[in-house]
Amino acid sequence: SIYEMFGNECCLSTGEVIKVIGFKINKLIASICENNEVSQFSAKVELPLNFPGLYKVVADKTPYVSIEEITRKVSIGPTRFGHPCFYSPEDIKLANFTIKHGEQITFNSVEEVNGMMAVNCGVVRNNQSHSFTLPFSQEGKFYECEDDQIYTLKEIAEWKIPKCRNRIVKLSNTLHTWDSSNPLPENFDGCLILTPVYEVQAVMKFRKDIVHILSDLDVEVKDVTDCYDISSFLQPLSLEDVFERTSKEFPMVAEIMEGPSGSQKPHNLLQTGKEIVIYKKYQATRVLASEIRSDSPKRHFLIPVSYKGKFKRRPREFPTAYDLEIARSEKEQLHVVATKAFDSPHKELFSVSVGDQFLVQQCQTSEVLYEGRKKVIDVLACEQILSDTYKKVLLPMYMEGGFVEVIHDKKQYQLSEICKEFRLPFNVKVSVRDLSVEEDVLAAVPGLQFEEEITDSYLLISSSSSPVESWEIPVYRLNMSVHLLSKDVQTVVPPATKTPVEEISEEQYYMVRRYENQTLHPPPRPPKKPT
């Protein structure tokens, strides 16, 4: 049987032994969904996994009947996607713990406990986390919990579609303007039923790459697992698999079985067939930055703190007086110009005209007369800058106006100085490019907003044959496979490390912000007008 996949012809000869290493969703068939059923007017459309947009997963209404069924059909793993949540409509009594009906159970990992397979689980009760195990043999009705996270189609395909089931998703954010090539209706914001189309991932004895076989290929196979030495096959590992190895196992030598797509450095080092040294795994800090522009799409970057360029400040914009209070610091006085007029409903407070300039002082309270009654509200004390003097004024904290910052600071800053001295978000432009790299992608961007510092997972690698320099590569944003070689590492100490600025897609930007903000409390809302 001969077939072609991704432009590569592959021949499956009679008697060829194939080791199946996984099943992967190759594409999705989508139908518009109404009341959890396929709409009678909906045509089926084919969606590639890189189809743009962010989606919310609709909880499956069909229960699972045992823990064993959940582990067979649902992805449970060490990454942040692999912790599905379920609830039972009835109490579950364990030896030293009772799970209450309706309580959210998080499935964390699968392991063997006293010779029996079980799932490590947890529940949060009164802000306290309780851990326990549920054996595969545990029966009952287990329903999926509602999930308020957003995902790309690729993430849904890899983690959120149970085997032998469809998945209903709701479009949360299109991210892109609609055009005629979009298979979905214009302005569509409803639900889709996704039906997966699978491919088989396999390795052959005399091939070093991963073979992709469509699930509808017409070929007869026989299971020979019990009578064949499968250790003679290569064992592909993803970067996530490598990162899960213990620190003692590094450094290691690996050969790339499938390199990542795209042209970002070090792309020449990550080609299929190349041998690399993986020195260590670690967490590293990046500054998430976005291009300042009024139209979209904006470019987004992850900038290492070791970036050697310099920045000058650019004016920030503030939509409310409350934002001025958040942005003010003890280090310097915040000077702003009003870009929008505001008429105060209280004579005790100041009415703002376009062009008025203020020095922001501090937050305080003030008594105002409202509908014949005195009320105490939060206000922002400022000094209005007049031609030859200053006037103390009070602005209501709920004021929706518009202000732009006046920059007096002409100093050039390193990235590490900005992170240390100022509160993010912070607006800048590159004043001196990073001369340690051939092309500084940030230098051509007219303005950047530093949004937040994030921590992410990286591997440090170099070429095995000519280790002139080593590179940090992101674990969760590079899709590639390697297999480990039983070779000694010639140089245990890594050569000089290159830490490039990473430009990320809009979907990746939303993912980074989503995970970073999961543990943060949202900022308090600005005060409302008194009622």
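Colleague: Which residues do ring pairs link into a cluster?
Modeller: Tyr 64, Phe 86 and Phe 107. Bear in mind that this is a predicted model.

Colleague: How many aromatic pairs does the structure hold?
Modeller: There are 10 aromatic pairs. One of them is Tyr 307 with Phe 311, a tilted pair with 5.4 Å between centres and 35° between the planes.

Colleague: Are Tyr 307 and Phe 311 buried or exposed?
Modeller: Tyr 307 is buried, and Phe 311 is buried too. Another pair is Tyr 413 with Phe 422, which is edge-to-face, with centres 5.3 Å apart and planes at 85°. Tyr 413 and Phe 422 are both buried.

Colleague: Switching to the sheet. What is the strand order?
Modeller: E7-E14-E8-E11-E12-E13, an open sheet of 6 strands with antiparallel pairing.

Colleague: Why is one side of E7 and of E13 left without a neighbour in the sheet?
Modeller: Strands E7 (64-66) and E13 (128-135) are at the edges and each has a single partner strand, so one side of each has no neighbour in the sheet. From one strand to the next, the twist averages 45°.

Colleague: How many bridges join E8 to E14?
Modeller: 2 bridges, between residues 85-87 of E8 and residues 139-144 of E14, and the two strands run antiparallel. Tyr 87 is opposite Tyr 143 of E14.

Colleague: Last topic, charges over rings. What sits over the ring of Tyr 458?
Modeller: The charged end of Arg 286, at 4.2 Å from the ring centre. Lys 281 also has its charged end over a ring, that of Phe 243, 5.2 Å from the centre.

Technical notes. Residues are numbered from 1 along each chain as its sequence is written. This is a predicted model: local features need pLDDT of at least 70, side-chain atom pairs count only at pLDDT 80 or more; totals for chains, interfaces and linings use all residues. Side-chain values use heavy atoms; hydrogens and water are left out. Two strands pair if DSSP finds at least two bridges between them. Helices (H or I, at least four residues) and strands (E, at least two) are DSSP runs, numbered from the N terminus. Axes are lines fitted to C-alpha atoms, for helices over the stretch in contact, and angles run from 0 to 180 degrees between N-to-C directions. Rings of Phe, Tyr and Trp (its six-membered ring) pair if their centres lie within 6.5 Å; planes under 30 degrees apart count as stacked, over 60 as edge-to-face and the rest as tilted. Buried means under 20% relative accessible area, exposed over 50%, partly exposed in between (1.4 Å probe, protein chains only). A charge sits over a ring if NZ of Lys or CZ of Arg is within 6 Å of the ring centre and within 35 degrees of the ring normal.
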